[in-house]
Amino acid sequence: MTAPVLRTTIAGSLPKPSWLAEPDRLWAPWRLEGAALDEGRRDAVRLALFDQERAGIDIVTDGEQTRRHFVTTFIEGLDGVDFERKRTVRIRDRYDAEVPVVRAAVARRRPVFVDDARFLRGATDRPVKFTLPGPMTMVDTLYDGHYGSREKLAWAFAEILNEEAREIAAAGVDVIQFDEPAFNVFFDEVRDWGVATLERAARGLAGRRTAVHICYGYGIEANIVWKKSLGGEWRQYERTFPLLAASAIDQVSLECANSRVPIDLIGLLAGKDVLVGAIDVATPVIESPEDVARVIRAALQFVPPERLYPCTNCGMVPLARQTARGKLAALSAGAALVRAELG
Ligand code: ZN
């Protein structure tokens with residue numbers, strides 16, 4: 001039997017239905033409450049799965065339909081963090097946001113997403129991936145008024161994330177992914193403690209695959225300005241990839257569509273699965289299958305097909321649903337084109 005090749009997946013999120021949350025907003029408030037909200041979120045997960053399955057995506061997610069934000073919704077489930085009196089801080093070193101404040105030792109008194117992971121596992125026959133924020137990105141999305149050290153707080157979050165991830169693994173999820181967009185900003189911290197805390201979060205997950213998603217962020221204004229400032233070639237990954245290649249993490253998800261990342265940098269990830277972003281989430285323009293195929297072919301020079309997973313650059317939550325569906329179909333069709341060429 002030959003190994004499956006070019007299995008498709010997505011970075012994580014999909015847009016939410018307008019009856020669940022206001023469309024076209026990243027932190028949109030819920031439009032339902034109480035039991036209706038619980039039911040609505042699960043219905044939205046079913047729709048997210050339907051869209052992915054119909055498009056032919058091989059490893060599916062819940063589209064992050066049950067969370068308002070990929071970092072703060074997890075933090076809301078923890079003790080020690082104050083959501084009442086927020087502070088404005090600069091996050092990812094480029095935009096100001098109102099964020100919750102750590103006022104005491106952080107702790108996880110109860111599971112946060114484990115029921116959601118169980119529901120996802122039961123709602124599809126396909127392999128499933130579940131996403132969590134990474135320790136450094138959590139630290140960088142709040143104000144620390146207790147630990148006085150980003151590293152100390154990151155270790156505390158890593159232990160909490162590991163408790164959560166172990167229970168999610170036990171629920172039968174196939175891949176657990178940690179989102180670390182902060183890895184593209186704070187290179188010295190990545191080297192000093194970022195990868196180590198990520199490995200701590202991903203330790204002992206009962207044989208499940210572990211992934212890290214690093215990226216240049218959604219297509220919001222601050223990110224577009226930042227990307228322009230990075231110059232003609234984005235060589236940021238050059239510092240991070242060798243560290244990840246030497247780490248215990250199995251898969252690395254990165255942005256390749258319309259990015260200025262020199263594709264040969266992927267060669268620094270030898271031995272890892274590479275989730276190659278072949279769909280640009282910063283534009284509503286839907287890629288053609290050939291556009292997608294071109295990115296996959298370029299990446300195939302550096303990654304063997306059984307380790308290459310065509311993927312989206314980042315989450316699709318800011319896009320219109322119709323656009324996201326079109327992009328899912330293009331991703332699948334583009335992968336099929338290249339699969340046919342491989343014979
Ligand atoms: Zn991303």
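**Entry 1: the model**

I am working from a predicted model. I read every value below with that in mind.

**Entry 2: the zinc site**

Which residues hold the zinc ion? I looked up the protein donors and found His 213 through NE2, Cys 215 through SG and Cys 314 through SG. They lie 2.1 to 2.3 Å from the zinc ion. Along the chain the donors follow the spacing H-x1-C-x98-C.

Cys 215 lies in the loop between β6 (209-213) and α7 (221-229). Cys 314 lies in the loop between β9 (308-312) and α10 (321-342). The pair therefore ties together parts that are 99 residues apart in sequence.

Are these cysteines buried or exposed? Cys 215 has 3% relative accessibility and counts as buried, because the cut-off is under 20%. Cys 314 is also buried, at 6%.

**Entry 3: salt bridges**

I went to the charged side chains next. Side chains of opposite charge can pair when their charged atoms come close. How many salt bridges are there? The count comes to 27. I followed three of them.

Asp 116 and Arg 42 meet at 3.9 Å, N to O. Asp 116 is in helix α3 (residues 114-123) and Arg 42 in helix α1 (residues 34-55). The two are 74 residues apart, so I noted this pair as a link between distant parts of the chain. Asp 116 is buried at 16% relative accessibility. Arg 42 is partly exposed at 30%.

Arg 108 and Glu 167 form a salt bridge at 3.2 Å, N to O. I found Arg 108 in the loop between β2 (95-107) and α3, and Glu 167 in helix α5 (residues 150-170). This pair ties together parts 59 residues apart in sequence. Arg 108 is buried, with a relative accessible area of 13%. Glu 167 is partly exposed, at 31%.

Asp 273 and Arg 209 form a salt bridge at 2.7 Å, N to O. Asp 273 sits in strand β8 (residues 273-279) and Arg 209 in strand β6, so the pair ties together parts 64 residues apart in sequence. Asp 273 is buried at 2% relative accessibility. Arg 209 is partly exposed at 33%.

I also noted a network. Salt bridges with shared partners join Arg 92, Asp 140, Arg 150 and Glu 189.

**Entry 4: strand β5**

Next I looked up the strands paired with β5. Strand β3 (residues 129-133) pairs with β5 in the parallel sense over five bridges. Lys 129 has Val 175 as its bridge partner. Five bridges also join β5 to β6, and these two run parallel. Asp 179 stands opposite His 213 in β6. That took me back to the zinc site, as His 213 is one of the donors.

I traced the connection too. β5, helix α6 (residues 187-201) and β6 make a right-handed β-α-β unit.

I opened the loop between α1 and α2 (72-76), the place of Asp 62. Asp 62 is buried at 3% relative accessibility. What does Asp 62 touch, beyond residues up to four places away in sequence? Its contacts are Val 45, Ala 48, Arg 67, Leu 120 and Phe 130. I also took one distance across the fold. Asp 62 and Ile 168 are 106 residues apart in sequence and 13 Å apart in space, C-alpha to C-alpha.

Glu 64 lies in this loop between α1 and α2 as well. Its backbone nitrogen lies 2.7 Å from a polar atom of the Asp 62 side chain. Glu 64 is buried, with a relative accessible area of 8%. The phi of Glu 64 is positive, near 50°, in a residue other than glycine.

**Entry 5: Asp 93**

I logged another positive phi. Asp 93 has a phi of about 60°, although it is not a glycine. Asp 93 lies in the loop between β1 (79-91) and β2. Is Asp 93 buried or exposed? Asp 93 counts as exposed, at 54% relative accessibility.

Key: Residues are numbered from 1 along each chain as its sequence is written. This is a predicted model: local features need pLDDT of at least 70, side-chain atom pairs count only at pLDDT 80 or more; totals for chains, interfaces and linings use all residues. Side-chain values use heavy atoms; hydrogens and water are left out. Donors are N, O and S atoms within 2.8 Å of the metal (3.2 Å for Na, K and Ca); water is not among the atoms, so sites may look incomplete. Helices (H or I, at least four residues) and strands (E, at least two) are DSSP runs, numbered from the N terminus. Buried means under 20% relative accessible area, exposed over 50%, partly exposed in between (1.4 Å probe, protein chains only). A salt bridge is a side-chain nitrogen of Lys or Arg within 4 Å of a carboxyl oxygen of Asp or Glu. Contact means heavy atoms within 4.5 Å. A polar contact is a pair of N or O atoms within 3.5 Å; within protein, one must be able to donate a hydrogen and the other to accept it, and residues adjacent in sequence count only if both atoms are side-chain atoms. Two strands pair if DSSP finds at least two bridges between them. A crossover is right-handed if, with the strands pointing away from the viewer, the path from the first strand over the helix to the second runs clockwise.
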